[in-house]
Amino acid sequence: MGVSAIDVRAAINQPSIFRLVQRKIFNSAGWGLCGLTFLLLGSAMVWILKMVFVRGAGALNLKVLTHIQIGVAGGLLNAIEGTLVLGVGGLILSVPPGIAAGIYLSEYDGGWLAPVLRFMSDVLVGVPSIVVGYFGYVTMVATLGWGFSVAAGSIALAMISLPYITRTSEVAFRQVPRTLREAGFGLGCKPGTVIMRICLPMATPAILTGVLLALAISVGETAPLIYTAGWSSFLWTGHLTKEPMGYLTYAIWAMITEPQRSAHQLAYAAAFLVTLFVLVISVIARVVTFRRSGWGQHA
Amino acid sequence: MRFGRKSMEKKSNRSFRKGAVLALALAVAGAGSAFAAAQINILETGSSLLYPLFNLWVPSYAHMHPNVKITTQSTGSGTGISQSIAGIAQIGASDAYLSPAQMRMHSNMMNIPLAISSQMVNYNVPGLNYKHLNLSGPVLAGIYSGKIRNWNDEQIAKLNPGVKLPNHTIIPIHRTDGSGDTFIFTQYLSFSTPSWANSLAYGTSISWPAVPGGLGAVGNPGMVTALTGSPYSIAYIGVSYRQAIDQHHMGTAALENRDGKFVLLTPHTVSSAAAQMVPKTPQNEAVSLIFAPGPDSYPIINYEYAIVSKTQPSAETAAALREFFSWAIRGDGGNAPKYLNPVHFAPLPPSVVKLSQAQIDQIQ
Amino acid sequence: MSFKNILAPIASIVGVTLIGIVIFLGVYSWPAVKFNGFSFVVKNDWNLGNLYANPVMHRGHLIMPGAQYGILFLIVATLLSTLIAVVLAVPLGVGSAIFLSDGVPAVLRPWLSFFVELLAAVPSVVYGLWGYAAVIPLLSHTVFPWMAKHLAFIPFFAGDTGSGYGLLTSGFVLTLMIVPLITSTMRDALISQPRGLREAALALGATRFETMWSVILPSTRRVLIASSILATGRALGETMAVLMVGGGALNYLPNNIYAPITTMAAFIVSQLDSALEDPTGMAVRSLAEVALVLCVISVIVNGAARLMLYFSGYQRLGGGGWA
């Protein structure tokens, strides 16, 4: 035993200058390192944004927004349209069951079904999106014979956004004050009326945040769409099956590997549009959250 | 967390407005359907080697036939074959013909040659890219199977007397997607190197031997990018990407042909090879043009195929396809020099045009 | 019929979706599971066989001659790239979470947090574009050669730095994609620790960083582990970015950290069409088995994290609104 109890007590009672300096250094170095990690992440973000927006802005012009793609040149109108149609299609399919699941998890938490559904929804978040795409290809595109289509692409996107909407809807309903429900029941309303007429309006802004985030995720997805929506360089003629659909993320992936400059321009323009869209949605969603929980208090 | 009633109303109003905007977007998108009753949609997918040619064809053809909308997609010949068999794409573009097993199982599928293409072997060896290195099938087989690992290997040196080869590891690049380029490249290796034929053989996807550092790339464009970005690499690339190769000052190899001569890819060597092989084309046009005899023959040339089903879902689609293909193979149509020269393809000889037309007429 | 009974079937769609995917993968890949056996996960041989020959019967299955399927290289590459990403992301995430929770004025906090969390909003394919067009040239020409020269004493850091496409590049890109998950969850956890804990430590004379490091941080241990597992799950299934920067290696294991790789998710994208060419269908079913293996690993990882968070009583999963 090299260190006796007396030594330890001495060290505590009479802190040496050395020890104090050591602690000071540890303190500053600690904060310094933490600041550095933040700086690293921040500069990576700046780097990505700079690349996308500087090169993207250089590639963007009116023609990109108003013309369809012709080979490796032309515009992105077909892809912009496809991204919107698929994104909205995915939402139409995922919002009703998502909100229903959210309501169930929040309002009927007592039974066996709610915990099971919650766990499954959380696990579904973790299913890789390409697995969903593969599933969609074999079942809808090939076996059911829908071909590459809006229907197959929208269903694949809906499967991906469903658990997100479920989760945010549950949280939204849980945030509705209990007293409001009690007031409703006190007036003799049925559970359905209380939930749909009292809780739902209250929860709408928070649900909307979740829906917006789901839309952002859908817009940014590529892997589940490659084998379900396919690709088309023309505008949609309104068929749900048998008609493939273009979308911006595919244009990024397919065009950046082409050797021509015009193709690269399209890829950067598409990246600009996708990133801008996703960031704007994120900002809107965040602002909605701030409004509800108060500026600066957000944890 | 508590709202006044007013703010609550305001918020739900706003949400309805957002919903309305989204619905409007969808409605506008759907409105196109009303104007497009007679439109025929054709999806062309597959070979990245054929993709640049389709991109030249389609805008011109669209001028003549505004109601036929052809989407082009560069995905690899494997995709072209499998998606046209599945009926997902109407035109499967492929550098490879259907396998015998596929032909038997899907007797309604045809391979229709549209033009004659060829393949380059390119390398990125700093200091040597201005030269045309001599390479042979057995040496390439050695490189791609990992037996030849260094640029200054004596087997490469033997083919290139007087060239100072660098002492650097070779990075072989192969296609990871199912690819007609892989098909014709591995046919060249198989026909010239018995040990390759007996072990790996040929196909649109083969089990590439593990070469440490070897890269996989998607599509010809991916091959070009991987090649230009990786010094000391080597790649097989379709001739329609020749312009990109030249722009980046990559090296192009002279390949050993069946007669043991090292030949560069030129219109003359391609037509010499075609002259030797084209007469062997059978009725169904599934034939390899690889490793032609003759002193001037370039060893890797091939038909660019459209993989098409004889039975189309509608008479309109069938008619549109017949018309398009008939135009595409004609010397005053799609096989005109203004389309083929930019992609360095050779036109179909008259005898093959006849065979192709006979197949095209079967599309119903 | 009560509202609850109307609601339950609609709510169950989320569960049905998961069960549907899992059952589909299991049933569809079953012939491949039987054919490939255990060697599927221990051998490095993804071989469609000779596609231009005639199919043959082999052990009761119709396959192309020479076809066999072993995906060890995919599993190893997936796990290694994820490992690199998590090893880098945990210190980055914890450091930035500490900085954001206690190192900046409360007024700036939401803005700075939001800025870092935007990293999670950037689509995968944009990461791929960035990696492909901006990061790889820098890594392959400058960073990797420097590392191979000066860090050669670390195992697997020496040797040929190759083309810039590969394991470490994928690891870097994945790191940025998963860091926000750890940062936001940890920042929330750190902030929500009882104020008394902080005050007690400060009153005892601890510096602010000592308080954070020795008192607050240890009490969030479970949240850290759980959020790291969640981040792992995300990295395992990442597709497009890794496809674009991984290098597409086939049938071999990486020999150093710069070597090209393919992950399971990227492999499914790049191989589905080739697999469909196999007229016997065994290749597609083997690819479904890849998806099954990936799905099982992801589900186990995610399930473990969720259970862990559940038992630690921490409900705000994922944080930041993104997961």
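This is a predicted model: local features need pLDDT of at least 70, side-chain atom pairs count only at pLDDT 80 or more; totals for chains, interfaces and linings use all residues.
Residues are numbered from 1 along each chain as its sequence is written, and chains are lettered from A, and ligands numbered from 1, in the order in which they are written.

**Chain C as a whole**

- Chain C holds twelve helices and four strands, where helices (H or I, at least four residues) and strands (E, at least two) are DSSP runs numbered from the N terminus.
- Along the principal axes, the C-alpha atoms of chain C fill a box of roughly 80 × 70 × 30 Å.
- Chain C has 323 residues, of which 60% count as buried; a residue is buried if 20 or more other C-beta atoms lie within 10 Å of its own, exposed if 12 or fewer, and partly exposed in between, with C-beta atoms placed from the backbone.
- Of the contacts in chain C with a separation of 6 or more, 79% are between residues 24 or more positions apart, a contact being a pair of residues whose C-beta atoms, placed from the backbone, lie within 7 Å.

**Where chain C meets chain A**

- On the chain C side 72 residues are in contact with 80 residues of chain A, and helix α12 (residues 282-311) of chain C supplies the largest share of the chain C side, nine residues.
- The side of chain C that touches chain A comprises 51 nonpolar, 16 polar and five charged residues, where Ala, Val, Leu, Ile, Met, Phe, Trp, Tyr, Cys and Pro count as nonpolar, Asp, Glu, Lys and Arg as charged, and the others, Gly among them, as polar.

**Helix packing around α6 of chain C**

- Two packed helices are described by the angle between their axes and the distance between the axes.
- Helix α4 (residues 109-121) of chain C and helix α6 (residues 167-191) of chain C have axes that come within 7 Å and cross at roughly 140°; axes are lines fitted to C-alpha atoms, for helices over the stretch in contact, and angles run from 0 to 180 degrees between N-to-C directions.
- The angle makes α4(C) oblique to α6(C), because angles under 35 degrees count as roughly parallel, over 145 as roughly antiparallel, 65 to 115 as roughly perpendicular and the rest as oblique.
- The crossing of α5(C) and α6(C) is right-handed.
- Y127(C), G131(C), V135(C), I136(C) and L139(C) in α5(C) meet T169(C), F172(C), V173(C) and M177(C) in α6(C), and these residues divide into seven nonpolar, two polar and no charged.

**The largest nonpolar core**

- The largest nonpolar core has 327 residues, and those touching the most other members are A251(A), I252(A), A267(A), A270(A), I268(C) and A291(C); such a core is a set of buried Ala, Val, Leu, Ile, Met, Phe, Trp, Tyr and Cys residues joined through C-beta atoms within 7 Å.
- Helix α9 (residues 191-220) of chain A gives the most to this core, with 16 residues.
- Leaving aside residues up to four places away in sequence, I268(C) touches I130(A) and Y134(A) as well as L287(C), V290(C) and A291(C).

**A loop glycine in chain C**

- G66(C) lies in the loop between β3 (61-63) and β4 (68-71) of chain C and is buried, with 20 other C-beta atoms within 10 Å.
- Not counting residues up to four places away in sequence, G66(C) touches N47(C), G49(C) and N50(C).

**Chain B and residues with positive phi**

- Chain B has 14 helices and twelve strands, and 53% of its 364 residues count as buried.
- E285(B), which is not a glycine, has a positive phi of about 65°; E285(B) is in the loop between α11 (267-277) and β12 (301-309) of chain B, and counts as partly exposed with 18 C-beta neighbours inside 10 Å.
- K242(A), also a residue other than glycine, has a positive phi near 65°; K242(A) is in the loop between α10 (223-226) and α11 (248-256) of chain A, and with 17 C-beta neighbours inside 10 Å counts as partly exposed.

Conventions:
Two residues are in contact if their C-beta atoms, placed from the backbone, lie within 7 Å. A crossing is left-handed if the near helix is turned anticlockwise from the far one by less than a right angle, and right-handed if clockwise.
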